[in-house]
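Trainee: I would like to go through this structure with you, one question at a time. Please show it first.

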Amino acid sequence: MAPPEASSAAFPNRYASNALRHAFGDVLSYFILLLIGVLAFSIRIFSVIKYESVIHEFDPYFNYRVTKFLTKQGIYEFWNWFDDRTWYPLGRVIGGTVYPGLTLTAGTIWWLLNSLNIPLSVETVCVFTAPIFSALASWATYLLTKEVKGAGAGLTSAFLLAMVPSYISRSVAGSYDNEAVAIFALIFTFGLYIKTLNTGSLFYATLNALAYFYMVCSWGGYTFIINLIPMHVLLCVVTGRYSSRLYIAYAPLVVLGTLLAASVPVVGFNAVMTSEHFASFLVFIIIHVVAFVYYIKGILSPKMFKVAVTLVVSVGLAVCCAMIAVLIALVASSPTKGWSGRSLSLLDPTYASKYIPIIASVSEHQPPTWPSYFMDINVLAFLVPAGIIACFLPLSDASSFAVLYIATSAYFSGVMVRLMLVLAPAACITSGIALSEAFDVFTRSIKFQLPGVLSNAEVDVGETSSAVVEAQNVAGKTDKPEETSKDRPSRKKKKERVHEEKPSTKAKAEKKRLLALPLAASVISLLLLVFLGAFYVRHCVWAAAEVYSAPSVVLSYRSHGRLHIFDDFREAYAWLRHNTDVNDKVASWWDYGYQTTAMANRTVIVDNNTWNNTHIATVGTAMSSPERAAWEIFHSLDVKYVFVIFGGLIGYPSDDINKFLWMVRIGGGLFPHIKEADYLRDGSYRIDSKATPTMLNCLMYKLSYYRFVETDGKAFDKVRQTEIGKKYFKLTHFEEVFTTHHWMVRIYKLKPPKNRIRGKTKKSKPVQFSLFCSKNNSDVHLQVDFNLLMLWQKTSSRNSSRSGAQKKNPWH
Amino acid sequence: MGRASSKEDAGALFHSLRSAYAATPVNLKIIDLYVGFAIFTALIQVVYMAVVGSFPFNSFLSGVLSCVGTTVLAVCLRIQVNRENKEFKDLPPERAFADFVLCNLVLHLVIMNFLG
């Protein structure tokens, strides 16, 4: 390397100009970070601009309701809240079963703003929490990638994360769900871990533990962190990269992290008792053993060390085997080997469909299709392999972490489409590294070949030769996107490529000739990379605006140049809110539970939390049973109103008839008299004239298609694309009280039981219902006696014997 | 032959360990003493739990993890203060001690909360 040619007089000048350059670079990078934050915020505002500032989907409504409660009642009431307006009559302990991070964050922001006399409503704060935290997440990505590769890579990956569609889909303005803050906490925890690993400072280790605590508060996906970090520590130990910084980065995190995780009520003692955490304890023990071995090695002479090793191995091996046998016996004694159902379905993708139909029925839990990778991470899909290679040149602790992160998240994203979200930051980090390295190489080639910069070029020569060697490898990868796009980033293929690259880099380094890419090639490649970025930006903006901004509460579609808005859901909830009594119970399929409690403010039977499979199976059985049996079930649960979602008039495909197969499966899983074969004709669920009689008589069919023939005379279902089987029928145990404008929500009321029961109590059940058939809806007449007769009905039903003619009734 | 030589080896090993440890500076030995005390306290708690039963579990967990936590943090301090450690020669020992105090503060706050 040529010595700098500056004289002693010129040296302070060069030093000052360097300092100035660095200062300018710092200011520029902070300004860019600020702009990236603004970009991340604004790309998520499409939903507010195109529709309105409303909370989307289903789960966010629950979080919104909890936040409202928190802001009104205060934090002590929140911790001790037992909610009796859901899962009637069981109720739900909200304080102990909710991940409090999101609601506490939004509650704090609301309280802060209100104490500054900025009167934002809770809904506004909830809607805009996600965009704010996505800006913070992109800054956290900058922190993480800066520790891995440098500030340039940091800025690139921050920019990529601000716009990646996968993250936008879960953090758009209005999507007030756990992932909105959890992804920020995830990246921030990883960033602080890498920072501790690089600096070995206990201060950052403390911050790391606190960030991990925030992650545990926010999302159930924290188990990913507490398994990935031990995996990385193990990888470092096994590849001979153990250092005392690794110990400082890992050991305090485990102790503090376990304590903090156990402090969160929803996790509690699971932090020490479930298999999800055992990896961290195992690696904790391993790293202590390794640290002790290194310490002994340091203070003993090599001969004595060998003696020590033989002694320890002979004695310790027996003890170790005994302990491992005990541990295995303990773990194997539990049926799921200590893992929870959700974690097992991640490790074994077929587990949920075999054993837990509820987990299998959620659409987010299905495996993703190939196009969804290109939709969700677009250009990054083929930049990731280039980034993995760049991480190996040179391999450091931090870059090995990046490789491990992308490998594990790629596997998990293949199991569940919901976990594409965890892949997104990893993809952004590795792609940012790849892009930044490519830019570095091209700009260095250009700088080297420009004549006016020769004096600096000599100083840069040493860096350029190694950088150019990388360029040959990386440029070869980026110029062939078609080949790499077909390769999934699996560890086997990565190892093959690493083996290919290593001999060529060694050969070129030995030559030590000055290699620079030709000026034209570098300029054109730079332009092409900018083009690539432009494609990415265009795709992300399109995805954010057109695909991910729709609040599923309000539907819209464009036809003949006009925009049609379907606001039926809110219409129905508003009707319920204004036309029913506060204590009335409403039954529906569990998808709509959260929205009903939040918007209609009525007690529901089952909701999206799906914690009680039996209760859901009860509702599913009721929906699949004929009217009489369904009335029986709902009446035993004190239900007054039932509603179904029906899309046949407008062609809305996610209605309850399409979800019916899950009602049958989940109900049939618990109550054997519901057999799926009874509803299938030739292996599919049909509602036309070829449908089975059980299907045509079940409650779901009747409630969806009651009076449907009056709409167009032919009862043509636009979703199933056929005319329905049974067109003219009357309801005997339910009465229709409200149908929304586009027939999307149909609300029915349970008819009250008969006033008088003729004959003996043993025969009361069949006699009652045959009398119902001839009864008309004289509501006023019934209203007066309603309370009395309900009371009477309850006492008589308790006294009457339940034997006799109830052979088909499974409820007694 | 094997037994006798292994006994000699064990004796030689023990002797060399002792002499090597005696050469460590006093401040590190104090930290080692603190580590030993913390581990001993943890063992007492575990024995007590084995005798009396694990209710309330959160108090047991909090107590044992506080001992383990102070052990770990003291070992981290020892690593950072050790003059022979090349990686940390730029770190002033006062800064290491300040970090140690801060981390202990956070640890004990959490333990007080979890003690029940």
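Trainee: How many residues of S13(A) are buried?

Mentor: This is a predicted model, in which local features need pLDDT of at least 70, side-chain atom pairs count only at pLDDT 80 or more, and totals for chains, interfaces and linings use all residues. Residues are numbered from 1 along each chain as its sequence is written, chains are lettered from A and ligands numbered from 1 in the order in which they are written, and side-chain values use heavy atoms, with hydrogens and water left out. Buried means under 20% relative accessible area, exposed over 50%, and partly exposed in between (1.4 Å probe, protein chains only). S13(A) is mostly covered, and the buried count is six of its six residues.

Trainee: Which residues point each way from S13(A)?

Mentor: In a regular strand the side chains alternate between the two faces of the sheet. Helices (H or I, at least four residues) and strands (E, at least two) are DSSP runs, numbered from the N terminus. From S13(A), one way point Val745(A), Ile747(A) and Lys749(A), and the other way Arg746(A), Tyr748(A) and Leu750(A).

Trainee: In what order do the five strands of the open sheet in chain A stand?

Mentor: Two strands pair if DSSP finds at least two bridges between them. The edge strands, which pair on one side only, are S6 (603-604) and S12 (734-739) of chain A. The pairing is mixed, and the order is S6-S5-S7-S13-S12.

Trainee: Which residue of S13(A) is the bridge partner of Val644(A)?

Mentor: S12(A) and S13(A) run antiparallel and are joined by five bridges. On that side, Thr739(A) stands opposite Arg746(A). The bridge partner of Val644(A) is also Arg746(A).

Trainee: Which residue in the turn between S12(A) and S13(A) has a positive phi?

Mentor: The two strands form a hairpin with five residues between them. The phi in question is about 60°, and the residue is Trp743(A).

Trainee: At about what angle does H28 of chain A run to S13(A)?

Mentor: Axes are lines fitted to C-alpha atoms, for helices over the stretch in contact, and angles run from 0 to 180 degrees between N-to-C directions. H28 (residues 568-579) lies across S5, S7 (639-645), S12 and S13 (745-750) of chain A. Its angle to S13(A) is about 25°.

Trainee: Is Asp568(A) buried or exposed, and which side chain is joined to that of Asp568(A) by a polar contact of 2.7 Å?

Mentor: Asp568(A) is in helix H28 of chain A, and it counts as buried because its relative accessibility is 1%. Contact means heavy atoms within 4.5 Å, and beyond its neighbours within four places in sequence Asp568(A) is in contact with residues including His741(A), Trp743(A) and Val745(A). A polar contact is a pair of N or O atoms within 3.5 Å; within protein, one must be able to donate a hydrogen and the other to accept it, and residues adjacent in sequence count only if both atoms are side-chain atoms. The side chain joined to Asp568(A) at 2.7 Å is that of Thr740(A).

Trainee: About what area is buried between chain A and chain B?

Mentor: Buried area is the accessible area (1.4 Å probe) that two parts lose on being put together, summed over both. Here 34 residues of chain A are in contact with 37 residues of chain B. Carbon and sulfur atoms give 81% of the buried area, which is about 2900 Å².

Trainee: Which side chains meet in a salt bridge between chain A and chain B?

Mentor: A salt bridge is a side-chain nitrogen of Lys or Arg within 4 Å of a carboxyl oxygen of Asp or Glu. The count between the two chains is one. At 3.7 Å, N to O, the side chains are those of Glu87(B) and Arg245(A).

Trainee: Which residue forms a salt bridge with Asp397(A)?

Mentor: Asp397(A) counts as buried because its relative accessible area is 6%. The closest N and O atoms are 2.9 Å apart, and the partner is Arg241(A).
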